[in-house]
Amino acid sequence: LIINCSLFSPTPSLCAMVLTKFGMRSDVATYNLSGMGCAASLISIDLAKQLLRSSHRNSKALVVSTEILTPNFYHGNDRAYLIQNTLFRCGGAAMVLSNS
């Protein structure tokens, strides 16, 4: 399980929340990536690829990429700072990769 999010890095981690919410096994390897910006999605896919290459056959990796920017939303009226509210939003995507 690999989850990346640029700015939001809670405790317990997003991986811990997903493991608990969906009742995943306790031996699932987890990786939380944060603070890497938009490139974190590609880094996460590369990490999954490397892990799957070194894992036993028929292994799977779940990669979740998300942006949670609401806590950093600008509420003022200064036009110079409003651009971030229009360019960067909240969203997410997930994919399951396999080595089979």
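Visitor: Leaving aside neighbours within four places in sequence, which residues is Ser65 in contact with?
Guide: In this predicted model, Ser65 is in contact with Asn4, Ser41, Gly91, Gly92 and Ala93, once the neighbours within four places in sequence are set aside.

Visitor: Which side chains make a polar contact with the side chain of Ser65?
Guide: One is the side chain of Asn4, at 2.8 Å. Another is the side chain of Ser41, at 3.0 Å.

Visitor: Where does Ser65 lie?
Guide: Ser65 belongs to strand S3, which covers residues 60-67.

Visitor: Is Ser65 buried or exposed?
Guide: Ser65 is buried, because its relative accessible area is 13% and the cut-off for buried is under 20%.

Visitor: What share of the residues in the chain is buried?
Guide: Of the 100 residues in the chain, 24% are buried.

Visitor: Let us turn to the fold. How many helices and strands does the chain have?
Guide: The chain has three helices and four strands. Read from the N terminus, the order of these elements is β-α-β-α-β-α-β.

Visitor: Is the chain compact or spread out?
Guide: The chain is more spread out than a compact globule, because its radius of gyration is 16 Å, well over the 13 Å that the globule rule gives for 100 residues.

Visitor: And what box do the C-alpha atoms fill?
Guide: Taken along the principal axes, the box is roughly 55 × 25 × 15 Å.

Visitor: Where is Leu87 placed?
Guide: Leu87 is part of helix H3, residues 79-87.

Visitor: Is Leu87 buried or exposed?
Guide: Leu87 is exposed, because its relative accessibility is 59% and the cut-off for exposed is over 50%.

Visitor: What separates the C-alpha atoms of Leu87 and Leu97?
Guide: These two residues are ten apart along the chain, and their C-alpha atoms are separated by 29 Å.

Visitor: Back to contacts. Among those with a separation of 6 or more, what share comes from residues 24 or more positions apart?
Guide: Such residues account for 64% of those contacts in the chain.

Visitor: What is the accessible surface of the chain?
Guide: The accessible surface is about 7,000 Å², and 59% of it belongs to carbon and sulfur atoms.

Technical notes. Residues are numbered from 1 along each chain as its sequence is written. This is a predicted model: local features need pLDDT of at least 70, side-chain atom pairs count only at pLDDT 80 or more; totals for chains, interfaces and linings use all residues. Side-chain values use heavy atoms; hydrogens and water are left out. Helices (H or I, at least four residues) and strands (E, at least two) are DSSP runs, numbered from the N terminus. The radius of gyration is taken over C-alpha atoms; the globule rule is 2.2 Å times the number of residues to the power 0.38. Buried means under 20% relative accessible area, exposed over 50%, partly exposed in between (1.4 Å probe, protein chains only). Contact means heavy atoms within 4.5 Å. Accessible areas come from the Shrake-Rupley method with a 1.4 Å probe; for residues, only the protein chains shown count as cover. A polar contact is a pair of N or O atoms within 3.5 Å; within protein, one must be able to donate a hydrogen and the other to accept it, and residues adjacent in sequence count only if both atoms are side-chain atoms.
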